[in-house]
Amino acid sequence: MTTLTSSSTSVSEQQHEAHADHRMFGLATFLVADGMTFAGFFAAYLTFRAVNPLPSGSSYELELVLPTINTLLLLVSSFTFHRAGSALKRDNRPLARRWLLVTAALGFAFLAGQMVEYFSLPFGLTDNLFASTFYAITGFHGLHVTLGGLMILIVWWQCRSGGRVSSQNLFPLEAAELYWHFVDGIWVVLYGILYLL
Amino acid sequence: MTISLTPETQHSVSLQPQGWLRYLSFSTDHKVIGLQYLICGFIFYLIGGALAGAIRTELLTPISDFLPRETYNEVLTLHGTVMIFLWIVPVVNGGFGNYLIPFYVGARDMAFPRLNAVAFWLIPPAGLLLISSYFIASAAQSGWTAYPPLSITTPATGQIIWILSVLLLGGSSIFGGINFIATILKLRRPGLKLMQLPMYCWAMLGTSILVVLSTPVLAGTLVLLSFDIIAHTGFFNPSLGGNAVVYQHLFWFYSHPAVYIMVLPAFGLVSEILPVHSRKPLFGYTTMVYSIMGIVVLGLIVWAHHMFTSGTPPWMRLFFTIATSFIAVPTGIKFFNWLATMWGGRIALNTAMLFSCGFIVNFVFGGITGVALAQVPFDIHVHDTYFVVGHFHYIVYGGTVFVIFASIYHWYPKVTGRLLNEPLGKLHFLLTFIGFNLCFAPQHWLGLNGMPRRVAEYDPQFTLVNQLSSLGALLMALSTLPFLVNVVISAFRGELAGDNPWRALTPEWLTSSPPPVENWKGEAPLVHEPYGYGMQPEELALAGATGSELWRLGDPDRRP
């Protein structure tokens with residue numbers, strides 16, 4: 001009629017132990033979803049730009065120096081985060097914490113740079129369609145950087161000796177790292193679309 | 001007939017935590033969460049149904065006399081939002097998905113049980129928030145689509161509460177989707193291959209992919225819309241230089257896949273029910289899988305067929321018409337597979353089966369009007385008329401809600417250990433089927449003759465047909481009564497079902513009914529062929545056999 005076999009290995013025992021850790025897979029799936037939010041914003045921006053003329057006197061041009069420095073800060077921070085992970089895998093917690101602190105500092109420097117940029121821009125949130133879209137997208141990304149920075153500080157705290165993050169429990173650090181790389185990657189796309197295009 | 005069942009099926013030892021209070025708790029048991037979704041969803045179904053009753057009462061006469069006009073707008077907005085986001089999506093995904101998927105993959109729970117509980121508990125507050133907006137200020141009035149500039153110019157408080165509520169429900173949906181993808185792909189029992197999974201797993205995998213890819217776009221769009229309402233930005237406001245059509249694109253990028261989020265799980269559920277009660281293998285397993293995935297891909301690239309009257313350029317109309325028409329191919333494959341599954345089977349025409357057959361009839365009609373609506377000349381004629389209302393109710397009610405009822409009759413013995421009463425069930429089906437068709441079939445005629453949707457007043461020539469439609473709605477409302485009586489009484493007095501009253505082969509039936517906590521007292525059974533009905537054991541070389549081979553084997557005339 002049908003084949004219903006039960007394998008000789010004790011599956012139930014395996015399953016009653018902690019089953020394989022799928023949290024990174026879940027996080028990656030979530031980041032795909034998060035990325036789709038940005039994709040929606042980018043699509044809206046590109047459509048606006050293609051079909052909606054701006055009022056006279058405003059343009060899509062932006063100052064490039066500060067954002068370029070900001071881009072470099074984020075790219076370097078991805079690298080320093082990776083160094084923190086490698087240090088923790090070698091059980092060198094103090095070094096890992098130092099790299100984490102550097103990463104967080106770079107992240108907050110990015111946010112400070114963005115604040116400076118916001119205050120130096122000649123337009124406000126409701127001035128025109130480009131201004132609104134610009135602030136919405138960079139602001140939404142800035143929110144991600146802020147959350148990421150806080151995550152890094154939490155992992156930094158958890159990495160202290162006796163804390164829960166160690167070479168035996170890498171998940172909090174790896175999760176924060178994956179998220180951070182994602183936020184950096186989004187910024188690179190954002191920089192290309194909003195600033196360079 | 002070699003069945004070696006490991007799970008012991010004695011009733012003496014129950015691992016289930018006792019008491020109904022666990023259904024009000026932050027339980028992480030997938031079966032409890034599944035029932036929480038179901039019951040919570042059904043309560044919202046009754047609320048949404050009452051709102052529909054108000055709409056149909058107003059439409060008994062051509063003038064606006066039963067409700068004030070603003071209230072009519074609030075009622076139709078709440079009806080759409082409640083039915084989609086609080087009844088169909090949560091029940092057909094979260095409800096049955098949570099209950100069944102861990103059984104089907106041979107797991108003891110979902111991949112992320114706590115996230116699962118969070119996903120459910122976002123729903124009641126979001127629903128209460130939505131409904132309370134009617135009492136706080138006034139509820140949103142711009143329909144479930146919330147098109148700007150209408151949604152920007154109607155009262156802001158209700159619209160903002162609506163956005164908050166939909167954002168919470170979208171979050172719940174995304175968390176659920178992540179959980180299903182991880183459970184189906186990562187939590188399968190060792191030895192169980194993807195192509196051996198029951199079809200509902202594939203349906204939920206496809207649905208969850210759509211949820212994860214499209215829901216975030218709606219969330220982002222609604223955030224921008226709330227900026228337009230609160231901060232007076234002009235994203236979607238033409239008077240401030242914005243573009244209202246961009247909202248429509250982003251909205252339908254979610255909301256067209258949302259149709260498949262509502263109907264793909266129903267496809268999966270009906271694919272579980274038909275083989276059991278026809279005593280035949282599911283026909284064309286592989287084509288079913290590819291059809292589901294084909295619908296997922298096509299479903300993401302057809303959204304603008306909702307926008308043929310929004311000034312879409314000709315190339316876009318052409319592309320979206322063709323892509324939409326293509327969806328009929330995988331859907332048609334599934335339709336013929338279901339017919340072939342029943343063909344020549346020993347069909348038990350019980351209530352679950354009646355509702356499944358009702359689904360096939362209704363869905364094929366809704367599908368045909370869907371293909372018609374994909375054609376630009378026709379669509380422009382009937383856009384925003386009752387033809388569209390009739391069409392999508394044939395999909396979401398005639399399709400999905402019929403399957404929800406079929407599934408409740410099919411899995412009730414699994415959940416409670418007791419059968420639902422069949423005569424009451426048949427009365428329920430008869431009232432629902434007649435009421436539904438009486439309510440929505442005439443609306444196609446109304447739409448073809450030009451009656452616009454979402455308006456409380458209409459041309460007096462439409463009075464009689466509208467009254468017929470309202471009579472159908474009354475029958476649908478009445479049909480809920482035998483169902484409610486049946487579900488409540490049968491829980492205590494229903495005929496004892498035993499563990500496997502349908503003699504089904506899918507894994508959820510290979511344990512006790514109701515199942516213990518963690519699903520199996522021993523290890524999970526390894527079910528390679530969940531649809532191996534109606535064969536002599538010596539005829540079967542089940543390893544590697546496909547559905548069509550099994551089908552030919554089962555039929556003496558077609559045996560090679």
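**Loops, cores and helix pairs**

I will start with A:Asp91, which sits in the loop between α3 (65–89) and α4 of chain A. Helices here are DSSP runs of H or I with at least four residues, strands are runs of E with at least two, and both are numbered from the N terminus. This is a predicted model, in which local features need pLDDT of at least 70 and side-chain atom pairs count only at pLDDT 80 or more, while totals for chains, interfaces and linings use all residues. Residues are numbered from 1 along each chain as its sequence is written, and chains are lettered from A and ligands numbered from 1 in the order in which they are written.

Back to A:Asp91. Its phi is positive, about 70°, although the residue is not a glycine. Most residues other than glycine have a negative phi, and most peptide bonds are trans. Is A:Asp91 buried or exposed? A:Asp91 is exposed, with 11 other C-beta atoms within 10 Å. The cut-offs, with C-beta atoms placed from the backbone, are 20 or more others within 10 Å for buried, 12 or fewer for exposed, and partly exposed in between.

Chain B has a positive phi at B:Asp384, near 60°, and this residue is not a glycine either. Look for B:Asp384 in the loop between α12 (376–382) and α13 (386–416) of chain B. B:Asp384 has 13 C-beta neighbours inside 10 Å and so counts as partly exposed.

Next, cis peptide bonds. The bond from B:Pro148 to B:Pro149 is cis, with omega near 0°, and B:Pro149 belongs to the loop between α4 (123–136) and α5 (150–153) of chain B. From B:Ser513 to B:Pro514 the bond is cis too, with omega near -5°. B:Pro514 lies in the loop between α15 (463–493) and β1 (526–527) of chain B.

Which residues have the most contacts inside the largest nonpolar core? They are B:Cys201, B:Val270 and B:Ala406, in a core of 197 residues. A nonpolar core means buried Ala, Val, Leu, Ile, Met, Phe, Trp, Tyr and Cys joined through C-beta atoms within 7 Å. Leaving out residues up to four places away in sequence, B:Ala406 touches B:Val270, B:Ile273, B:Ala352, B:Phe355, B:Ser356 and B:Phe359. Contact requires C-beta atoms, placed from the backbone, within 7 Å. A second, separate core has seven residues, among them B:Val382 and B:Met451.

Helix α8 (residues 244–278) and helix α10 (residues 314–342), both of chain B, pack at about 15° with axes 9 Å apart. Axes are lines fitted to C-alpha atoms, for helices over the stretch in contact, and angles run from 0 to 180 degrees between N-to-C directions. α8(B) and α10(B) are therefore roughly parallel. The contact includes B:Val270 and B:Leu274 of α8(B) and B:Trp338 of α10(B).

In chain A, helix α4 (residues 93–120) packs with helix α5 (residues 129–158) at about 155°, with axes 9 Å apart. That makes α4(A) roughly antiparallel to α5(A). Under 35 degrees counts as roughly parallel, over 145 as roughly antiparallel, 65 to 115 as roughly perpendicular, and the rest as oblique.

Last, B:Arg56, in helix α1 (residues 30–58) of chain B. B:Arg56 is buried, with 21 other C-beta atoms within 10 Å. B:Arg56 and B:Ser470 are 414 residues apart in sequence, but 5.2 Å apart from C-alpha to C-alpha.

Technical notes. Two residues are in contact if their C-beta atoms, placed from the backbone, lie within 7 Å.
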